[in-house]
Amino acid sequence: MHGNRIPNIVLGIDLGGTQIKMGLVDHAGDIHSFRSVPTESAKGSRHLLDKLQQACVEMDREARERGFLPVGVGIGTAGFVDTDGRVAYATDNLPGWTGTKLRAEVESATGLPAAVLNDVHALALGEGWRGAAASLKLRDFVCVTLGTGIGGCLIADGNVVRGQDGYAGGFGHQIVMQEGGIPCSCGLSGCWETYASVNALKRLIAERSGTRFASEFPAAAAGGTLEESAPAADPRRLFDAARSGDRQALAIVDEYADRVSVGFVNLIHMLNPRDFVIGGAISAQGGFLLDRINAEIKRRIMPVYGSGGIRLHAAELGDKAGVVGAAYALLRQN
Ligand SMILES: [Zn+2]
């Protein structure tokens, strides 16, 4: 930094099915402003693009008021993003989003260069730049997000391994059950995420314990109507009970850890990694859960793959990882 030069800033955006998170990220990965707004995806892609443009205008103004010069926009979005920054496919979580030329739209709306990438790829870059993988100085790791679904990203020598079209990392859709597998949102059956996502955990809790670990009115508590509220399994209640030694809760946690371990074992046999960074809602359970998953992994893997040690690290940036990583992608692109 010399003299009176205005410091650069990137508008970082993490676009998910329910929330759009955004922040001003500087060249070192520090966040100077962070907030989120509802995605309102049901209103369609035109509305969503307008909303993104509005967010960029507001962030641009805020950045200048704070004495920064906006130099670009980084966006991590749910869905499959091709190498031109186009959303090649998005599920019904973002209706109409498939086919959106997101990078071109944002660049023409803001006049700034944009980087667009998959949201889990962004999360992994964020954790690599300023999160768990940065703390450990890892250049190579596998990122897995255990959330509504399961996402993934392979980082090699600090870079996202994108594959020929940009879609590498669909770890949640590895098939772990060939006969009578549970139908998956992707159209196949028996995918890992139908057994090991947070949604799968909720189903397991309900199957094993009925309403014992249920929240009474979850939708109402989250701002929904009473009508759509019914007692629903609440993983936090399960983990709280398990931590206090409840035997039934511990048994369910162990069964879940076992189901989760299967996908990791496949990844380990394919990639022979040492380090995993675990993101998504479940990463808040930290070592209590990750140690159990790791124990199941060790029980299953071919011993030769375990000799160097397998490490599971909880993500550290929480809901800010995608914003930080999207900004990093923009900076790396320029
Ligand atoms: Zn699937």
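In this predicted model, helix α1 runs over residues 45–65, and its 21 residues, at 1.5 Å a residue, should span 30 Å, which agrees with the 30 Å that separates its end C-alpha atoms.

**Buried and exposed faces of α1**
- The buried residues of α1 are L48, L52, C56, M59 and A63; seen down the helix axis they fall within an arc of 80°, so they line one face of the helix.
- Turned away from that buried side is a face that carries the exposed residues R46, D50, Q54, R61 and E65.
- The cover over the buried residues of α1 includes the strands β1 (8–15), β2 (19–25) and β4 (69–77), together with the helix α2 (102–110).

**After the helix**
- α1 is followed by G67, a residue whose phi is positive, near 90°.

**Packing of α1 against α2**
- Two packed helices are described by the angle between their axes and the distance between the axes.
- The crossing in which α1 passes α2 is right-handed, and the contact is made by L49, L52, Q53 and C56 on the α1 side and by E105, V106, A109 and T110 on the α2 side.
- L52 and C56 of α1 take part in this contact and also belong to the buried residues of the helix.

Note on methods
Residues numbered from 1 in each chain as written. Predicted model: local features only at pLDDT ≥ 70, side-chain atom pairs only at ≥ 80, totals over all residues. Helix = DSSP H or I, 4+ residues; strand = E, 2+ residues; numbered from the N terminus. Expected span 1.5 Å × (residues − 1). Buried ≥ 20, exposed ≤ 12 C-beta atoms within 10 Å, placed from the backbone. Arc of directions from axis to C-beta. Contact = placed C-beta atoms within 7 Å. Left-handed = near helix turned anticlockwise from the far one by under 90°.
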